[in-house]
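Dear colleague,

I am passing on the structure we discussed, with notes on what a computed survey of it turned up. Please look it over beside the text below.

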Amino acid sequence: MSLFDAASRARENAHAPYSGFRVGAAIRCRDGRVFAGCNVENVAYPQGTCAEAGAIAAMVAAGERDIAEVLVLADAPDPVPPCGGCRQKLAEFAGPETPVILAGPEGERARMTLGALLPGAFTRQHLERGET
């Protein structure tokens, strides 16, 4: 299944009764498996979940940890990138060179890398401590 098709199917199931802004995301792992997610709003803001976070959760639940490519699908005048929190979540499982495709209902609108979206990402290397 293509990333676009997976994100589109997930987006159809988004739960966005408050904003009406439905988002779908799909992740392709290095082994070729595709995982998708959609945004899930909650009346108690900010308890909702972003589409990217849903796709990551599905990927992790399936035992995968290595993102090769990401697609985010939303219907807006401009391409819709992942929010800041989701950029950090993606960086947990993907390198700065990982392609991130921004799409609308008609198809791809923009393509960039995770490193361009999140320069200076906080990584596990920041937690390493040298001897003092």
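Is R124 buried or exposed? R124 counts as exposed, since its relative accessibility is 57%, where exposed means over 50% relative accessible area, buried under 20% and partly exposed in between (1.4 Å probe, protein chains only).

Please keep in mind that this is a predicted model, in which local features need pLDDT of at least 70 and side-chain atom pairs count only at pLDDT 80 or more, while totals for chains, interfaces and linings use all residues. Residues are numbered from 1 along each chain as its sequence is written, and side-chain values use heavy atoms, with hydrogens and water left out.

Salt bridges

The whole structure holds eight salt bridges, each being a side-chain nitrogen of Lys or Arg within 4 Å of a carboxyl oxygen of Asp or Glu. One of them joins E92 to R124, with the closest N and O atoms 3.9 Å apart. This pair links distant parts of the chain, 32 residues apart, with E92 in the loop between helix 3 (84–91) and strand 4 (99–104) and R124 in the segment after helix 4 (114–117); helices (H or I, at least four residues) and strands (E, at least two) are DSSP runs, numbered from the N terminus. E92 itself is partly exposed at 48% relative accessibility.

E108 and R111 also meet through their side chains, at 2.9 Å from N to O, and both belong to a salt-bridge network together with R28 and E69. E108 is partly exposed at 46%, as is R111 at 47%. A further salt bridge pairs D31 with R33, at 3.0 Å between the closest N and O atoms.

The loop between strand 2 and helix 2

V43 sits in the loop between strand 2 (34–38) and helix 2 (51–61), and its relative accessibility of 60% makes it exposed. Together with Y18 and Y45, V43 forms a nonpolar surface patch with about 360 Å² of accessible area; such a patch takes residues with over 30% relative accessible area and no salt bridge, nonpolar side chains (Val, Leu, Ile, Met, Phe, Trp, Tyr) being joined within 5 Å and like charges within 9 Å, and the areas come from the Shrake-Rupley method with a 1.4 Å probe, only the protein chains shown counting as cover for residues. P46 lies in this loop between strand 2 and helix 2, and the peptide bond from Y45 to P46 is cis, with omega near 5°. Most peptide bonds are trans.
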